[in-house]
Amino acid sequence: MLCPCFCSKSGTNNSYDAAVTPIVREQQNSALKDDDTRIPLTQKQKYVLTKNWKGIDREVSAAGVEMFLKMLSLHPEYYKMFPFHGIATSTEEKQRMDECLRAHGESVMKFIGQVISDYFSNIGNAEKFFELINQNGRQHAHKKFFKPELFWVMEEPFLYSVKLILGERYTDNMHSIYKKVIAIILSELEKGCASELSGRQMIDE
């Protein structure tokens, strides 16, 4: 014969398990839904990414400047597309201090940070993740001289900037993660821009 206390305790545990199991199962199913195959990162990689990005977030302006200066050093012909085109012939020191360049670089890096934060840390909704990026790509379709494929000139400068800012925190593992993430972002930006340009062309015709 079981002790009444033991029975009570056992009964409590059983009822607790029965009540919690559906909730746990629902949470697990929700997590599985968020594992979109278009984002080939493990849960651990997503967690590490959000933690590592905080290092960029603390120096977001400098990261943006370094990214654009690297890109423009490789493609000086693209200065004409930016409002800070007047610094094309300035010294590198003066370019780094240019307020317009700093503001633009910071804006772009903050957008990338928002994308990373919203999906990998907070919301976890893949559709919203891609929608946010796609919308930004569509906006670029209205910029003078811009073409969808030009997004890809930012890939290496982005990785260069992140490595420069993070220093020793930029490990081989982080390089692999950032390379996947920036490729996903640039690909969706390109799709959004191309789609918007295609729609405008159909209207013009």
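Colleague: What relative accessibility makes Glu92 count as partly exposed?

Modeller: This is a predicted model, with residues numbered from 1 along each chain as its sequence is written. Local features need pLDDT of at least 70, side-chain atom pairs count only at pLDDT 80 or more, totals for chains, interfaces and linings use all residues, and side-chain values use heavy atoms, without hydrogens or water. Buried means under 20% relative accessible area, exposed over 50%, partly exposed in between (1.4 Å probe, protein chains only). Glu92 counts as partly exposed because its relative accessibility is 48%.

Colleague: Which residue forms a salt bridge with Glu92?

Modeller: A salt bridge puts a side-chain nitrogen of Lys or Arg within 4 Å of a carboxyl oxygen of Asp or Glu. Here the closest N and O atoms are 2.6 Å apart. The partner is Arg96.

Colleague: How many residues apart in sequence are the parts tied together by Glu155 and Lys179?

Modeller: Glu155 and Lys179 form a salt bridge, with closest N and O atoms 3.7 Å apart. Glu155 lies in helix α7 and Lys179 in helix α8 (residues 172–204), so the pair ties together parts whose separation is 24 residues.

Colleague: Which residue is linked with Asp36 and Arg38 in a network of salt bridges?

Modeller: Asp36 and Arg38 meet at 2.9 Å, N to O. Asp36 is buried at 16%, whereas Arg38 is partly exposed at 39%. The network also includes Glu127.

Technical notes. Helices (H or I, at least four residues) and strands (E, at least two) are DSSP runs, numbered from the N terminus.
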